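Let's walk through this protein together, one question at a time. Have a look at the picture, then read on.

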Amino acid sequence: QVQLVESGGGLVQAGGSLRLSCAASGRFLRISRMGWYRQAPGKQRELVADITSGGSTNYADSVKGRFTIFRDSRKNTAYLQMDSLKPEDTAVYYCTTEAFTIGAGSQTYWGQGTQVTVSS
């Protein structure tokens, strides 16, 4: 089993910054992709950014140039640096990872979510 613990959400004014972190723990052999999704009220969950074990990154068009994803593989932790935040970035942000365990093979796991609110 794999557990993801997120932190760093909160309330910030437009133009401000926040950094989210996501730490993976449990009995896994390796972690491949780590990423962040978000879901605003009344909207579908959408990919924000992800990063492979090799360091390749992918971003939603709406956050390119403002958000940066990076990871510390030694700590099995991913970070999402969010700058120049806009009110439309308000959502619950979910960490996700693909991890390989002996019992379940390669599976996708989700964190509990952390609220990000950007005031205008």
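**Bridges and bonds**

Arg74 is exposed, with a relative accessibility of 77% (buried means under 20% relative accessible area, exposed over 50%, and partly exposed in between, using a 1.4 Å probe and protein chains only). This is a predicted model, where local features need pLDDT of at least 70 and side-chain atom pairs count only at pLDDT 80 or more, while totals for chains, interfaces and linings use all residues. Residues are numbered from 1 along each chain as its sequence is written, and side-chain values use heavy atoms, leaving out hydrogens and water.

Q: Which residue forms a salt bridge with Arg74?
A: Side chains of opposite charge can pair when their charged atoms come close. A salt bridge here is a side-chain nitrogen of Lys or Arg within 4 Å of a carboxyl oxygen of Asp or Glu. For Arg74, the closest N and O atoms are 3.6 Å apart, and the partner is Asp72.

Q: Is Asp72 buried or exposed?
A: The relative accessibility of Asp72 is 15%. Because buried means under 20%, Asp72 counts as buried.

Q: How many residues apart in sequence are the parts that Arg38 and Asp89 tie together?
A: Arg38 forms a salt bridge with Asp89, with the closest N and O atoms 2.9 Å apart. Arg38 lies in strand β4 (residues 30–39), while Asp89 sits in the loop between β8 (77–82) and β9 (91–101). Strands (E, at least two residues) are DSSP runs, numbered from the N terminus. The pair therefore ties together parts whose separation in sequence is 51 residues.

Q: Which residues are linked with Arg38 in a network of salt bridges?
A: One partner you can look for forms a salt bridge with Arg38 at 2.8 Å between the closest N and O atoms, and that is Glu46. Glu46 is partly exposed at 35%, whereas Arg38 is buried at 5%. The network links Arg38 with Glu46, Arg66 and Asp89.

Q: Which residue does a disulfide join to Cys22?
A: A disulfide is a covalent bond between the sulfur atoms of two cysteines, taken here as a pair of cysteine sulfur atoms within 2.5 Å. The structure holds 1 disulfide, and its S to S distance is 2.0 Å. Cys22 is buried at 0%, and the disulfide joins Cys22 to Cys95.

Q: What is the distance between the C-alpha atoms of Leu18 and Leu80?
A: Leu18 is in strand β3 (residues 18–26) and touches Leu80, among others (contact means heavy atoms within 4.5 Å). Leu18 and Leu80 are 62 residues apart along the chain, and their C-alpha atoms are separated by 8.2 Å.

Definitions and conventions: Helix = DSSP H or I, 4+ residues; strand = E, 2+ residues; numbered from the N terminus. Lists of a residue's contacts leave out its neighbours within four places in sequence.
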